Amino acid sequence: MREAKSQNSAGTGKGGLKGGLKAKLGATNEPRWFQWILIAVAVAYLFLLLFVPLITVFAGALEQGLAAYFHSFADPDTLFSIKFTLIIAAVSVPLNLTFGLAAAWAIAKFEFPGKQILTTLIDLPFAVSPVVSGLVFVLMFGKQGWFGPWLADHDIKIIFAAPGIILATIFITFPMVARELIPLMEEQGKEEEEAARTLGASGWQTFWHVTLPNIKWGVLYGVILTNARAMGEFGAVSVVSGHIRGLTTTLPLQVEILYNEYNYVQAFSAASLLCFLGLLTLVVKAVVQRQVRKSRQPEKQTPVASAASAALAASAGPAAR
């Protein structure tokens, strides 16, 4: 009797478990037709808002053939805007990379007064309109701004010149690296750094041999986002540039100028270059994201042990040489 009861209870338990599992799956799995409707809506939305504009840009660029398309880039003002955009990105990205690394390391690894205020200020460019950001620099460094008279007396030009565009681009893009690294470094904790310092590694050795290898893919991901935003920024740059052709026009501003002049082929050709850079950024971003996910997986060696080995290698390096 006891065996029969136990078998019945076991069967009832298994049946109840299977029934509960089926009920749970039934509650979370929608019918196949409903899934296809959701997929169709998502694809149609992406097609209308993403693929149709891209097709329109490249169709307009190639409307008069490949010869006219490549000839559009021979325009001196367009060539200058391309070179100027690359220069702006080459200056702003390393500066924001340095700031992002320093801010993320300080916020994630240390406790200090004003930490929450610093974390909030990093998000400020996300909350302020780019046009307002550019206007702030005009009010500060323009002729009628706070520092305008002093700059004019010393023959220093910031607004309607390259320095103003660099400042506006740096302000718009500086949260990118920091915002990517802060959660990553907080998730990793600071046990590895503490172990390295206990074993005698200096602060620079700890950062170079312990911290940086753990966040290298996050750093690259932040640099990609910063570079993409720097090359495509329009609002803040438009306010501080003055739209002086051949002097302060970046590639997005050149697209606007050409389009307003009804030079559609050159405008769409310049826009297609920005689209190509954006698509290339997406491809690199997808590869880096995959590497970031792999780097976050637990390793066979414990974190403290890996930090210890890195610290020992760092401290023993000069002695070995």
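E111 is exposed, with 65% of its relative accessible area open (exposed is over 50%, buried is under 20% and partly exposed lies in between, using a 1.4 Å probe and protein chains only). Its salt-bridge partner K115 is buried at 18%, and the two side chains meet at 3.1 Å, N to O. Please keep in mind that this is a predicted model, where local features need pLDDT of at least 70 and side-chain atom pairs count only at pLDDT 80 or more, while totals for chains, interfaces and linings use all residues. Residues are numbered from 1 along each chain as its sequence is written, and side-chain values use heavy atoms, with hydrogens and water left out.

**The chain as a whole**

- The protein chain has 16 helices and zero strands (both are DSSP runs numbered from the N terminus: helices are H or I with at least four residues, strands are E with at least two).
- Of its 321 residues, 36% count as buried.
- Take the contacts between residues at least 6 apart in sequence: 74% of them join residues at least 24 apart (a contact means heavy atoms within 4.5 Å).
- The accessible surface comes to about 19,400 Å², and carbon and sulfur atoms account for 68% of that surface (areas come from the Shrake-Rupley method with a 1.4 Å probe, and for residues only the protein chains shown count as cover).

**Salt bridges**

- The structure holds five salt bridges (a side-chain nitrogen of Lys or Arg within 4 Å of a carboxyl oxygen of Asp or Glu).
- R179 and D123 form one of them, with 2.7 Å from N to O. R179 sits in helix α10 (residues 175–188) and D123 in the loop between α5 (115–122) and α6 (124–127), so this pair ties together parts that are 56 residues apart in sequence.
- R179 is partly exposed, at 27% relative accessible area, and D123 is partly exposed at 27% relative accessibility.
- R229 and E233 are joined by a salt bridge of 3.1 Å, N to O. R229 is partly exposed at 26%, whereas E233 is buried at 5%.
- D77, R245 and E261 belong to one network, joined by salt bridges that share partners.

**Helix α9 and its cover**

- Helix α9 (residues 162–173) has twelve residues, which at 1.5 Å a residue should span 16 Å; the end C-alpha atoms are 16 Å apart, so the two values agree (the expected span is 1.5 Å times one less than the number of residues).
- The buried residues of α9 are G164, I165, I166, A168, T169, I170, I172 and T173.
- Their cover includes α4 (76–109), α6, α7 (130–141), α10, α12 (203–232) and α13 (235–241).

- Helix α14 (residues 251–260) is mostly covered, with seven of its ten residues buried.
- Those buried residues are L251, P252, L253, Q254, V255, I257 and L258.
- Just after α14, Y262 takes a positive phi of about 60°.
- G232 lies in helix α12 and is partly exposed at 44% relative accessibility.

**Empty space**

- Rolling a probe the size of a water molecule over the atoms shows where empty space is left.
- On a 1 Å grid over the protein atoms alone, a cavity is a set of points where a 1.4 Å probe fits but cannot get out; a pocket is an open set with protein on both sides within 12 Å along at least five of seven lines, and lining residues have an atom within 4 Å of a point.
- Grid points are joined across faces, edges and corners, and a volume is the space filled by probe spheres set on the points.
- The second largest pocket has a volume of about 290 Å³. It is lined by 15 residues, and the closest to its centre are F141, G142, K143, K157 and I159.
- α7 and α8 (148–153) each supply at least two residues of that pocket's lining, and the largest share, three residues, comes from α8.
- The count comes to one cavity of 30 Å³ or more, and the largest cavity holds about 30 Å³ of space.
- The largest cavity is lined by I88, I165, T169, A230, M231, E233, V237, T250 and P252, with α9 and α12 each supplying at least two residues.
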